[in-house]
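Work through the exercises below with the model open. Try each task before reading its solution.

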Amino acid sequence: MTVVYIDSLFLLNFIVDYLLLLATAKLAGEVICRPRLALGAAVGALYASAVFFPGMGFLTHPLCKLSAAIVMLLAGLGGSRRLLRVTTNLSASSLKAAMF
């Protein structure tokens with residue numbers, strides 16, 4: 001049986017998600033608001049942690065993953081029109097890639 005420490009999992013995912021959101025904000029030319037980035041990273045870390053709870057296996061479905069990524073992005077970077085357009089295009093591309 002594999003042991004997963006939830007606090008380590010949360011912290012590692014929080015840091016990685018924060019850095020990914022920060023890089024995304026810089027590449028997209030968005031205004032960087034560090035508390036919002038932390039909120040988005042917390043959403044992503046909570047999702048990653050919730051996958052390991054008993055009865056939460058449905059969270060591994062590709063549509064759940066895609067939804068979590070969109071919620072994390074919107075929480076971390078807000079809902080500007082340019083970001084929503086990029087998110088929609090990336091979501092469509094990711095969904096196509098997941099199908100094939």
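The expected span of a helix is 1.5 Å times one less than its number of residues. Helices (H or I, at least four residues) and strands (E, at least two) are DSSP runs, numbered from the N terminus. This is a predicted model: local features need pLDDT of at least 70, side-chain atom pairs count only at pLDDT 80 or more, and totals for chains, interfaces and linings use all residues. Residues are numbered from 1 along each chain as its sequence is written, and side-chain values use heavy atoms, with hydrogens and water left out.

**Exercise 1. Compare the span of helix α3 with the expected value, then locate its buried residues.**

Step 1. Helix α3 covers residues 62-77, which is 16 residues. From first C-alpha to last it reaches 22 Å, close to the expected 22 Å.

Step 2. Apply the burial cut-offs: buried is under 20% relative accessible area, exposed is over 50%, and partly exposed lies in between (1.4 Å probe, protein chains only). In α3 the buried residues are A68, M72, L73, A75, G76 and L77. They cover an arc of only 170° around the axis, so they sit on the same side of α3. The arc is taken over the directions from the helix axis to the C-beta atoms.

Step 3. Look just past the helix. G78 has a positive phi of about 85°.

**Exercise 2. Repeat the span check for α1 and find what its buried residues pack against.**

Step 1. Helix α1 runs over residues 6-28. Its 23 residues should span 33 Å at 1.5 Å a residue, and the end C-alpha atoms are 32 Å apart, which agrees.

Step 2. L9, N13, D17, Y18, L21, L22 and A25 are buried in α1. The buried residues of α1 pack against α2 and α3. Contact here means heavy atoms within 4.5 Å.

Step 3. G29 follows α1, with a positive phi near 75°.

**Exercise 3. Which residues form a nonpolar surface patch, and what is their accessible area together?**

Step 1. Patch members have over 30% relative accessible area and no salt bridge; like charges are joined within 9 Å, nonpolar side chains (Val, Leu, Ile, Met, Phe, Trp, Tyr) within 5 Å. A salt bridge puts a side-chain nitrogen of Lys or Arg within 4 Å of a carboxyl oxygen of Asp or Glu.

Step 2. The patch is V4, I6, F52 and F53, with about 370 Å² together. I6 is partly exposed at 37% relative accessibility.

**Exercise 4. Summarise the chain.**

Step 1. The chain has four helices and zero strands.

Step 2. Of its 100 residues, 27% are buried.

Step 3. Among contacts between residues at least 6 apart in sequence, 63% join residues at least 24 apart.

Technical notes: Accessible areas come from the Shrake-Rupley method with a 1.4 Å probe; for residues, only the protein chains shown count as cover.
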